[in-house]
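Here are my notes on this model, as numbered points. Please read them with the structure open.

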Protein chains: 2
Amino acid sequence: MLSDSPGASRISEATAQRIRETAERLGYYPNVAARRLASSRTDLVGVLADTFFYSISLRRLEATTRALLKGGYQPLVWAADWSPDGWTQAHSILASNSAAGAVLLGPTYPVPTTEIARGLTGAGIPTVSFDAGDGLPGAGVDRLGAFYELTRAAIGAGHTKIGYLQPGQVTQPDVLRMAGIEAAVSECPHVTLVTFHPFPADAPPAREHSRDLGFETGRLGAHRYLEDDHPPSAIICYSDDVAISFMHTVQSAGVKVPEDVAVFGFDGLPESSCSYPPLTTIEQPVDAVGAAAVGSLLSLINVPDTASEEYRLLPGRLIARESTGTLPRFPQDGDGPVDPKPHDG
Amino acid sequence: MLSDSPGASRISEATAQRIRETAERLGYYPNVAARRLASSRTDLVGVLADTFFYSISLRRLEATTRALLKGGYQPLVWAADWSPDGWTQAHSILASNSAAGAVLLGPTYPVPTTEIARGLTGAGIPTVSFDAGDGLPGAGVDRLGAFYELTRAAIGAGHTKIGYLQPGQVTQPDVLRMAGIEAAVSECPHVTLVTFHPFPADAPPAREHSRDLGFETGRLGAHRYLEDDHPPSAIICYSDDVAISFMHTVQSAGVKVPEDVAVFGFDGLPESSCSYPPLTTIEQPVDAVGAAAVGSLLSLINVPDTASEEYRLLPGRLIARESTGTLPRFPQDGDGPVDPKPHDG
DNA sequence: CTGAAAGCGCTTACAG
DNA sequence: CTGAAAGCGCTTACAG
């Protein structure tokens with residue numbers, strides 16, 4: 001079979017065309033297994049995650065798959081399901097399949113991303129991070145910047161006591177969120193920060209409500225908020241899921257959003273535009289991050305000597321909606337991202 | 001390498017154990033490509049969809065992947081992206097990879113599922129349908145039954161003019177929805193049905209808002225509703241996305257839900273519990289359907305002579321919430337599924 | 001029951 | 001530039 005990869009072939013285009021036609025007529029398909037064995041190269045790229053239970057991780061999976069397919073690679077999907085053993089299995093599957101590379105969708109819980117990446121690159125499998133934190137090449141949304149911006153917006157709107165609703169497990173992305181919030185708060189001495197931990201620290205996620213863990217987090221976080229005698233007037237939530245569920249639960253208890261408490265989300269999923277009230281959030285550029293992460297992997301595969309250990313940070317986009325009341329406009333570079341209009345026009 | 005598949009091996013367990021230990025110490029991994037080439041069998045199963053743009057299709061992808069991995073098979077993911085050409089490519093990828101089978105995640109637009117399945121089974125690739133309609137083995141949620149039940153609930157609540165908000169493209173699953181609604185309506189002569197088509201019939205989906213097409217559908221459908229001089233008092237929506245967006249848009253125009261219009265969804269995604277008001281919907285048993293579809297594929301692969309052309313229909317579960325006001329209880333088999341309590345306890 | 005040989009369908013150096 | 005041979009790492013029939 002003619003392999004179309006080596007660019008300029010040795011045979012004429014007309015001949016190649018005739019071969020292709022004959023091949024199609026005969027129902028011939030090149031044998032991928034034989035090709036891989038002979039060339040000792042594959043077009044397989046592992047797409048590894050600790051879980052695909054959240055909307056946002058499924059979006060990442062989709063973005064990665066799309067970028068890989070577009071680049072001529074086949075995704076090899078694997079979910080470790082929060083088990084250290086799962087990551088070991090992922091490694092052996094990639095090794096057995098002679099995978100050309102791997103994309104780690106972050107965060108990788110409970111095994112640190114850098115540890116997994118070290119194992120894979122040590123086995124000759126170039127590995128990049130997709131929102132799994134730096135320490136290896138790849139790309140991610142700028143969480144620190146995003147949460148800095150959310151906090152600045154809350155402060156700018158006059159809030160002096162700001163709450164942060166944390167997730168169940170503390171992973172690197174969460175550390176970045178906290179860092180962004182704290183950076184903004186530390187600039188304003190009159191502003192205090194309180195954190196809400198809905199789950200016991202570092203509790204492993206329970207499989208029972210794993211599929212709507214974000215919603216459960218928001219619900220439990222709302223109860224912590226309601227128990228608070230002097231609750232903050234603004235709450236920054238880990239994610240949109242958490243924020244939507246938080247609003248729903250406190251509203252059931254008679255709390256008004258945004259009058260009593262302004263609520264900020266993070267992710268920018270479509271559903272955030274139809275929550276009650278519509279959610280102020282920062283949209284993650286999932287497709288762009290996926291394209292950047294895959295792009296850096298492909299260059300790592302094709303030009304192994306490029307020690308381009310770069311981790312690209314892409315900015316999120318603030319979408320101001322009713323859940324925070326009116327937000328002041330901050331002067332921005334280019335002044336593009338802030339969109340004070342509600343979603344439906 | 002010792003292949004663990006043939007069950008009782010020729011060597012003792014102790015020896016096998018020593019081999020495994022040595023293999024691990026040496027960092028040996030069996031070469032999957034060589035194994036596939038030699039045995040002319042693979043553990044690859046195609047997971048094919050027209051798109052992964054919707055929350056529910058990503059959930060199906062996740063359920064299928066999980067079931068496949070659990071059964072010892074590797075998913076080979078492919079999205080045709082609404083292109084007939086995409087389906088042709090899917091076929092050649094599966095053939096080139098000597099895939100052991102395929103799961104079609106429905107609906108397959110614009111190529112009919114049965115046509116794709118015929119091509120694949122003709123090429124020796126057993127194929128099942130996951131919510132892609134019958135005509136081939138597999139499994140799906142009982143859409144006809146679900147929409148019958150939703151309509152019965154609306155009628156039971158006293159609505160005599162019921163609206164159905166259709167999606168952009170009419171596919172087989174949508175035909176089943178309509179059939180369920182019409183069956184219930186035809187039983188009650190005093191009830192009339194009106195349908196809302198937000199998009200021109202059979203318009204191909206626009207890539208621009210493909211990722212939040214459900215929300216766009218709800219928004220446009222709401223405008224049709226608002227233009228109506230004698231609008232129905234109950235609206236059954238194609239999906240949760242559509243319903244949530246519909247409610248949001250009509251509420252912006254001053255319409256009260258459920259007082260002015262009762263809204264019914266379908267899917268039972270977590271976000272439906274936190275909409276405003278919380279959405280009455282039917283939950284799809286995605287994991288169970290995925291397990292059933294994969295189960296039927298595996299039996300097709302392992303026992304090819306079983307002409308088990310069965311398409312299993314799994315029932316959805318009605319979750320009554322505030323978007324429809326109080327719903328009367330229908331006597332049910334076992335009387336279990338109806339849950340009149342709102343989500344948060 | 002065991003071991004050595006053939007062969008799966010390609011790619012890749014290597015003679016011609 | 002072209003064609004025939006070797007070989008990728010396994011599995012599988014097939015002699016012993």
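Predicted model: local features only at pLDDT ≥ 70, side-chain atom pairs only at ≥ 80, totals over all residues.

1. Several elements of chain B each supply at least two residues of the side that touches chain A: helices H2 (32-39), H3 (55-70), H4 (84-96), H8 (213-227) and H9 (240-252), and strand S2 (74-79). H3(B) gives the largest share, 8 residues.

2. Next, charge. The count between chain B and chain A is 2 salt bridges. One of them joins the side chains of Arg66(B) and Asp81(A), at 2.7 Å from N to O.

3. Then the extent of the interface. Contact involves 49 residues of chain B and 49 residues of chain A. The two chains bury about 4,600 Å² between them. Carbon and sulfur atoms account for 58% of that area.

4. How are the two chains related? A rotation of 180° with 0.0 Å of shift along its axis superposes chain B on chain A, with an RMSD of 0.1 Å. That is the relation of a two-fold axis. The same surface serves both copies, as 100% of the contact residues of chain B recur in chain A. Of the residues of chain B, Ala33(B) comes closest to the rotation axis, its C-alpha at 2.3 Å.

5. Last, helix H6 of chain A, residues 143-156. At 1.5 Å a residue, its 14 residues should span 20 Å, and the end C-alpha atoms are 19 Å apart, which agrees. Its buried residues include Phe147(A), Leu150(A) and Ile155(A), along with Arg143(A) and Glu149(A). Just after H6(A), Gly158(A) takes a positive phi of about 100°.

Definitions and conventions. Residues numbered from 1 in each chain as written. Chains lettered and ligands numbered in written order. Heavy atoms only, no water. Helix = DSSP H or I, 4+ residues; strand = E, 2+ residues; numbered from the N terminus. Expected span 1.5 Å × (residues − 1). Buried < 20%, exposed > 50% of the residue type's maximum accessible area, 1.4 Å probe, protein only. Least-squares fit on C-alpha atoms with pLDDT ≥ 70 in both. Contact = heavy atoms within 4.5 Å. Buried area = accessible area lost by both parts, 1.4 Å probe. Salt bridge = Lys/Arg side-chain N within 4 Å of Asp/Glu carboxyl O.
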